Amino acid sequence: MTRVIHNGVAAPVAGRVHDQTASGTVGKQLAMPQVWTIANQKGGVGKTTTVVTLAGLLARQGKRVLMLDLDPQGSLSIYFDYNPETVRLGVYELFIADHAPDANGVRKLVQETHFDNLQLIPATCSMATLDRKLGTRTGKGLVIKDCIRAFAGMYDHVLIDCSPSLGILLVNALAACDRIIIPVQTEFLAIKGLERMLHTLTMISRSTGRELPYVILPTMYDKRTRAAGHSLAQIKQQFGNKVWEPVIPVNTEFREASRTGIPLSLRSPQDRGVCAYRELCDHLLLVDRTIVDK
Ligand SMILES: Nc1ncnc2c1ncn2[C@@H]1O[C@H](COP(=O)(O)OP(=O)(O)O)[C@@H](O)[C@H]1O
Ligand SMILES: [Mg+2]
């Protein structure tokens, strides 16, 4: 690796021990990372961009971030210079093992990126065969949740990037997270994909017995076009206070950032697209903080 970007914050020590007991007696419990899944059963809506940008924002603040690439197409991995066709170890290994890998085995899958505080478990092309390979085998719905347990005390945040198709990977991503962010492109037909996604969410909530907080994030909003305004109004009308405002503006800088492989939030922290993501990020951190403090 030749390009190293320091985010300007020293990486906190991994394995931090956190005092946390309900009874008030002092016990040592490793803090679990906050897990955010970024999902929509529609492609090209800004899922990977959202993962990369939020990850950069969090890492800049000195948070230790692990990204999981659960999309067999591996756009997130490619962004960080890992080619899903040649990477040897990744998410796939978690699913095909007869026994769940132990903590050490899981940690061996983690790859460095060029950036402080940002690490990745990459995708490999073989992931595309998982649904066929696993068939109806049960007990594979919590593979990612179990994997994340191995990272207690090591990360503050885990961000999961998803594929648009409904299968074992998406089910795992939804079952493993504390919160879901659903990017939705402000364009015609956006609502169809959104309805499908929310239906999946309801199914998962039923089977896990817990309701997951989610936020709908309008992306690529082009305020100059009437079509964008119209579709945003429609999304707000149908999904009300679940819709995050201010929206993420259309901004060619995101495209350019993916070409250079540097998260826009690290390259140009004051970019207006990044500022829009920062508002969301700060809000979610505040909400999570409030929940933890309760
Ligand atoms: N706010 C934005 N403005 C302009 N282009 C964007 C924006 N967000 C994402 N893009 C671009 O749109 C394309 C699809 O985004 P991506 O994040 O890969 O979507 P997904 O992961 O949902 O398939 C990429 O080329 C990306 O750079
Ligand atoms: Mg993607």
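**Close-up views of the predicted model**

**View 1. A227 is an exposed residue.** The model shown here, as in each view below, is predicted. A227 sits in helix α9, which spans residues 226-239. Setting aside residues up to four places away in sequence, A227 touches E187 and F188. E187 is 40 residues from A227 along the chain.

**View 2. Seven strands build an open sheet.** The strand order is β5-β6-β4-β7-β3-β8-β9. Pairing within this sheet is mixed. Which strands stand at the edges? They are β5 (111-112) and β9 (214-219). Each has a single partner strand, so one side of each is left without a neighbour in the sheet. In general, strands of a sheet pair through backbone hydrogen bonds, either parallel or antiparallel.

**View 3. Strands β3 and β8 pair in the parallel sense.** Strand β3 covers residues 34-38, and strand β8 covers residues 179-185. Three bridges link the two strands. At one of the positions shown, T37 has I180 in β8 as its bridge partner. Helix α7 (residues 168-176) packs on the sheet. This helix touches β3, β4 (65-70), β7 (157-162) and β8. The direction of α7 makes about 155 degrees with that of β7.

**View 4. Ligand 1 is surrounded by 18 residues.** Which residues are the closest to ligand 1? They are G46, K47, T48, T49 and R255. Two helices, α1 (47-60) and α10 (252-260), each supply at least two residues of the shell. The largest share comes from α10, with four residues. How does the shell around ligand 1 divide by class? Eleven residues are polar, five are nonpolar and two are charged.

**View 5. The protein as a whole has twelve helices and nine strands.** This view sets the close-ups in context. The protein has 294 residues, and buried residues make up 44% of them. Consider contacts between residues at least 6 apart in sequence. Of these, 78% join residues at least 24 apart.

Conventions:
Residues are numbered from 1 along each chain as its sequence is written. Chains are lettered from A and ligands numbered from 1 in the order in which they are written. This is a predicted model: local features need pLDDT of at least 70, side-chain atom pairs count only at pLDDT 80 or more; totals for chains, interfaces and linings use all residues. A residue is buried if 20 or more other C-beta atoms lie within 10 Å of its own, exposed if 12 or fewer, and partly exposed in between; C-beta atoms are placed from the backbone. Two residues are in contact if their C-beta atoms, placed from the backbone, lie within 7 Å. Two strands pair if DSSP finds at least two bridges between them. Axes are lines fitted to C-alpha atoms, for helices over the stretch in contact, and angles run from 0 to 180 degrees between N-to-C directions. A residue is near a molecule or strand if its C-beta atom, placed from the backbone, lies within 6 Å of it. Ala, Val, Leu, Ile, Met, Phe, Trp, Tyr, Cys and Pro count as nonpolar, Asp, Glu, Lys and Arg as charged, and the others, Gly among them, as polar.
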